[in-house]
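Here is a friendly walk through one model, written to be read with the sequence and the 3D view side by side.

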Amino acid sequence: MSTIRDKLREYRTAGYYTEFEYHWTMAVDLDRCTGCEACVVACQAENNLPIVGEKLMRQGREMKWLRIERYWDGEYPNARLNFIPMLCQHCDEAPCEIACPVFATYHNQDGLNAQVYNRCIGTRTCAVYCPYEVRFFNWFTYTWDEPLEQQLNPDVTVREKGVMEKCTFCVQRINRAKDLARDEDRRVADGEAQPACAQACPTDAIVFGDRNDPESAVSRKLEDPRAYSVLEELNTHPSVVYLKNARKPLAGGADDDHHGDESDSRASREGARPTWERGHDPRSGPALREGETPSLQTQQADTVA
Amino acid sequence: MSATRELMFDHGQPSYSEVNNDVINALTTTTWRYWVTLVISAGTALLFFVAPWIYQIIVGVGAAGMNRNAMWGTYLSNFIFWIGLSHSGTLLSAVLHITQSDWRKSIYRSAEAMTLFSLMTAAMFVMVHVGRVWFVHWTFPFPNPMELWPNFRSPLMFDVMAILTYLTASSVFIYMGSLPDFAAVRDRSTGLRRRIYAVMCFGWRGTAHEWHTLGWAYTFFAVLVIPLAVSVHSIVSWDFAMSTVPGLHHTIFAPYFVCGAIYSGTAGIVTVMWMLRKFMGFGRYIGQLHIDNLSKLLLVLSLIWTYINICENFSGWYSGTSFEYEAILYRVWEGPFWWLYWEMILFCAVVPLVLFSRRIRTNWNVMLVISILINIGMLTERFVIVASSLPRKFLPDVFGTYFPSLVEISITVGSFAIFTTLFLLFVKIFPAVSIYEVKETLNPLRKREAHT
Amino acid sequence: MTLLASFAHEDAALDAARALREKGVAGVDLYSPIPLHGAEEALGLGKSLVRVFTLLGGILGAIGGFTLCVWTATRFILPTAGRPVITLPPYLLITYESTILLGTLMTLLGFFVVARLPAWRDRTYRASSNVDRFVISVAGPGAAEAEDILRAAGAESIERESAS
């Protein structure tokens, strides 16, 4: 009887949800992002994304798992350009996951929002439910011209028509790092698994790592008071966290509230206890002063040594 | 009751055998006009539905005009339209059976056929919609070597279950209601047709025991179908309402869709009744009383529909969230489809107000026009809901537009041909007017004066 | 031997059926083109057994639908959207649909079982009873004494048919 009760309690919780093995998280420092799109190109090359061509691009059918969104502040001439790299947010409570009738998208043990290409039947409901619009549909079977197919990544599937796809946090790299670590009977060290975009970023604006490890570079980023997630009010609990672009307000006063709301948002975040702070006390780590970011290289050296 | 009996037949009551003759003759005598119409509609279905679909299967869903923003398009809005059209026949028939309204009896068979065929057409649109139609069976719960089962948490799985149940229940409902009539056709025909109908009627003889059992079973079917029909369109609306998309994420969507479905379905019945009167010669059985009652129903539904529309826009405006407000604004004024929105308001909310006049309600030709206008309005309603919400969700950087491609428009046209083809086949297989139930509404064959 | 009496009026046919029942004649059946309201009482038909099938089907569907959801979800856990493995609201919707589905199918089965259909073999039947005649058949030993009662009740014609 007690086992039934235990089982029932277990089944009333959300699968692996309370105990991710790793909780892969990405922190994007918008202050550092220059909008160079090196990450976009790296993603395209790593994940066998097709170049759809001008015609399909105009129809709004480009395949870009990672895109740089541009938003203007103020009016010309007193204007400023802001960049937000937008990719699959790997939401812990992803709207797309309930939508799939065939479990083609689900949450895996690493906190990743997985997409199973073979299982997908292409109802496209997940893309409709996704508020970030980071899911891409294979409207056609795309092909690569003669020499170009040579550079396809053998670790990544080439998708056929009628299949939904999206950013995987370069799951092939994560798995390779995990395999290596398992062979050596240890956990994956911080910085060992890097998606292509983080690796390509010249300004280290993209930091990737395991949130379950309080010492990891990404965990420290999360404690930054500038941290926020996009469309927080939808309660999707994304795994991609952005660090606010904390610049001087424009002279025109278009974004006067930039500085004033920081203490407020900090307070409300602590009250709401967002997902990335679950499992460990966010205040246990060393408090960072604003602007101070642990460099990825030193962090990596610490843990590996 | 007897007052209703007098009203039900505009040109005097037929006798029992005349009912048999009229209905079965309409079934068995086929003019060349019928064949021409059948060939034209089947050809249209092949050319406009099947051919573009095959093309789309070969090249991919990219043949349709959908893009990254608008991942759903006319296929889904048409799916909802056809499901909606299916919502009056069986539901109305079941409700009127339970409430023992006699005027149901001469129109319900065709109304239920409409339910069945529009449901089939809707199911076709699911197939057309999905990216890999050859794997669509994965949505059914069946044991498989992959040991993978469908996700019962998904609103699409609710759809699968609801449509499966609705298709089963309405087929059973219409078939069981026609059993005695199949027997009547069997008795009147010879040769191959007699043998086919003998099998189809399962050896029905009309004994008191059989009637008794059928009466019980039929009432149970009716009782089961009513909550089912209401649930089906609620579930379809949750495909939308369970998303976070501004403009779709409304709690009012379930009653909105159910009301809209019955509305468009009832208008569809009026259209079909006009056709039956005109081309099948059932003017004797479908008369003033029927059109008057259906029109009253249309009027009530149009008022409810208008009210819910006002509610929806009001809550968008009153919500204060910019996403919701802007979605409403985009739909009714700023977007490329604002004129479709107002066309739908004109056809579905303004035009039906003329039904307050009894002279218009009982005029078949005017009613035909109004019913077609209502269904055009309902078709565009679904399109506007999809096409004005999805291209603009949250992130302004990826705002886009959506316009259906030729393939989509052609398949939409073809779907009407499919429905027409199925209905044309129906009128030559099923007695389109229920023989035994029309007889029930006639003055009973009694020696003594009726005491009731 | 089977006796077949045809009536032009439903009240006459019902009277005859009632009279036969009072006399205790067995093997009486009444064929009519429409369901007759007095027939249940005249032939002594009670509540139909179909309702038991419907109830069983509904219960079976409810249990089956919910079990299907829970069993498939717990067999191989695929976490989605932070929802519990056993998610009640969606599973109750599936249960609702499967209740109606199984209820309908079992009612259908119940109809066939109770009405003893399909019966494609030749049986005693007059086609006129599906148009505008009400036919009473009396099978077996009661046929001889039934003839007078049927004639007295106003039968239009009486035919005999040897048992097939």
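Leaving aside its neighbours within four places in sequence, which residues is Ile206(A) in contact with? Those residues are Met26(A), Val28(A), Cys39(A), Cys197(A), Ala198(A) and Cys201(A). Contact here means that two C-beta atoms, placed from the backbone, lie within 7 Å.

## About the model

This is a predicted model, in which local features need pLDDT of at least 70, side-chain atom pairs count only at pLDDT 80 or more, and totals for chains, interfaces and linings use all residues. Residues are numbered from 1 along each chain as its sequence is written, while chains are lettered from A and ligands numbered from 1 in the order in which they are written.

## Chain A at a glance

Chain A contains 11 helices and 10 strands, which are DSSP runs numbered from the N terminus (helices: H or I, at least four residues; strands: E, at least two). Of its 305 residues, 40% are buried. A residue counts as buried if 20 or more other C-beta atoms, placed from the backbone, lie within 10 Å of its own. Among the contacts in chain A with a separation of 6 or more, 66% are between residues 24 or more positions apart.

## A four-stranded sheet

In chain A, 4 strands make an open sheet with mixed pairing, in the order 8-1-10-9. Its edge strands are strand 8 (206–210) and strand 9, each pairing on one side only. Two strands pair if DSSP finds at least two bridges between them.

Let's look at strand 10 (residues 240–243) of chain A. Strand 1 (residues 24–29) runs parallel to strand 10, with 4 bridges between them, and Val28(A) has Tyr242(A) as its bridge partner. Strand 9 (residues 227–228) is antiparallel to strand 10 and joined to it by 2 bridges: Tyr228(A) is opposite Tyr242(A), and Ala227(A) is opposite Leu243(A). Both faces of strand 10 are covered, with Val240(A) and Tyr242(A) buried on one side and Val241(A) and Leu243(A) buried on the other.

## The largest nonpolar core

The largest nonpolar core has 248 residues, and Ile206(A), Ala16(C), Ala17(C) and Ile136(C) touch the most other members. Such a core is a set of buried Ala, Val, Leu, Ile, Met, Phe, Trp, Tyr and Cys residues joined through C-beta atoms within 7 Å. Helix 9 (residues 208–241) of chain B gives the most to this core, namely 17 residues.

Conventions: A residue is buried if 20 or more other C-beta atoms lie within 10 Å of its own, exposed if 12 or fewer, and partly exposed in between; C-beta atoms are placed from the backbone.
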